[in-house]
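Here is a short report on one chain. Look through the sequence and the model first, then read on.

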Amino acid sequence: MATDAAPPPRSGTAPAAPAQPTTEEFVEVQESEEFGELRRTYRSFAFPLTVAFIAWYLLYVLLSNYAGGFMGTKVFGNVNVALVLGLGQFATTFLIAWLYSRHAANRLDPQAEAIKKRMEADA
């Protein structure tokens, strides 16, 4: 339920907000070797997996359109190749998300945290 009422006043004193880095400081960090390494680490993971997944998806679409006989081949029971490859699309999506989560936690987050701490110390 939304109202137009103002929020209640806070009791006591509010903690002081940390100083914000200036635009020049952000640009300086963006141009630093440390930030460039962070970008390279991210790109070396994200770009190859993105290209691989798009190729895998397009292969599935092309096979569905032009290889109906192959895609209709029974694997077992009523399960055919198309269903197995379609479920494989979901499996690879979750696999890539899990791999990225591990990569970010192990490689990207520590680098980003170091940059953040340095910026906060300079501010």
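## A report on the chain

L99 is partly exposed, because its relative accessible area is 28%. Buried here means under 20% relative accessible area, exposed means over 50%, and partly exposed lies in between (1.4 Å probe, protein chains only). This is a predicted model, in which local features need pLDDT of at least 70 and side-chain atom pairs count only at pLDDT 80 or more, while totals for chains, interfaces and linings use all residues. Residues are numbered from 1 along each chain as its sequence is written, and side-chain values use heavy atoms, with hydrogens and water left out.

L99 sits in helix α4, residues 81-122. Helices (H or I, at least four residues) and strands (E, at least two) are DSSP runs, numbered from the N terminus. F45 is 54 residues from L99 along the chain, yet their C-alpha atoms are separated by 9.5 Å.

**The whole chain**

The chain has four helices and two strands. Their order along the sequence is α-α-α-β-β-α. Of the 123 residues, 16% are buried. The chain exposes about 9,600 Å², and carbon and sulfur atoms supply 64% of that area. Accessible areas come from the Shrake-Rupley method with a 1.4 Å probe; for residues, only the protein chains shown count as cover. Contact means heavy atoms within 4.5 Å. Among contacts between residues at least 6 apart in sequence, 64% join residues at least 24 apart.

**Helix α4**

How far apart are the end C-alpha atoms of α4? They are 58 Å apart, which agrees with the 62 Å that its 42 residues should span at 1.5 Å a residue. The expected span is 1.5 Å times one less than the number of residues. The helix also has a kink of about 45°, centred on A104. The bend at a residue is the angle between axes fitted to the seven residues ending there and the seven starting there.

Several α4 residues are buried, including V81, L85, G86 and G88. The buried residues of α4 pack against α1 (23-30), α2, α3 (68-71), β1 (74-76) and β2 (79-80).

| Residue | Relative accessibility | Class |
|---|---|---|
| Q89 | 9% | buried |
| H103 | 12% | buried |
| Y100 | 34% | partly exposed |
| R107 | 43% | partly exposed |

Take Q89 and its contacts. Leaving aside neighbours within four places in sequence, Q89 is in contact with F53, W56, Y57 and Y60. H103 touches T41, F45 and L108, not counting residues up to four places away in sequence. R107 also belongs to helix α4.

**The aromatic rings**

A pair of aromatic rings is described by the distance of the centres and the angle of the planes. Rings of Phe, Tyr and Trp (its six-membered ring) pair if their centres lie within 6.5 Å; planes under 30 degrees apart count as stacked, over 60 as edge-to-face and the rest as tilted.

How many aromatic pairs does a search of the whole structure find? It finds two. Y42 and Y100 form an edge-to-face pair, with 6.3 Å from centre to centre and 90° between the planes. Y42 lies in helix α2 (residues 33-66) and Y100 in helix α4, so this pair ties together parts that are 58 residues apart in sequence. Y42 counts as partly exposed, because its relative accessibility is 37%.

The rings of F45 and Y100 have centres 5.8 Å apart and planes at 50°, so this pair is tilted. This pair too links distant parts of the chain: F45 is in helix α2 and Y100 in helix α4, 55 residues apart. F45 is buried, because its relative accessible area is 17%. Ring pairs link Y42, F45 and Y100 into a cluster.

**The nonpolar core**

Which residues make up the largest nonpolar core? There are six: V29, L38, A104, L108, I115 and M119. The helix α4 gives the most to this core, with four residues. A nonpolar core is a set of buried Ala, Val, Leu, Ile, Met, Phe, Trp, Tyr and Cys residues joined through side-chain atoms within 4.5 Å.

I115 is one of the core residues. Leaving aside neighbours within four places in sequence, I115 is in contact with V29, E34, F35 and L38.
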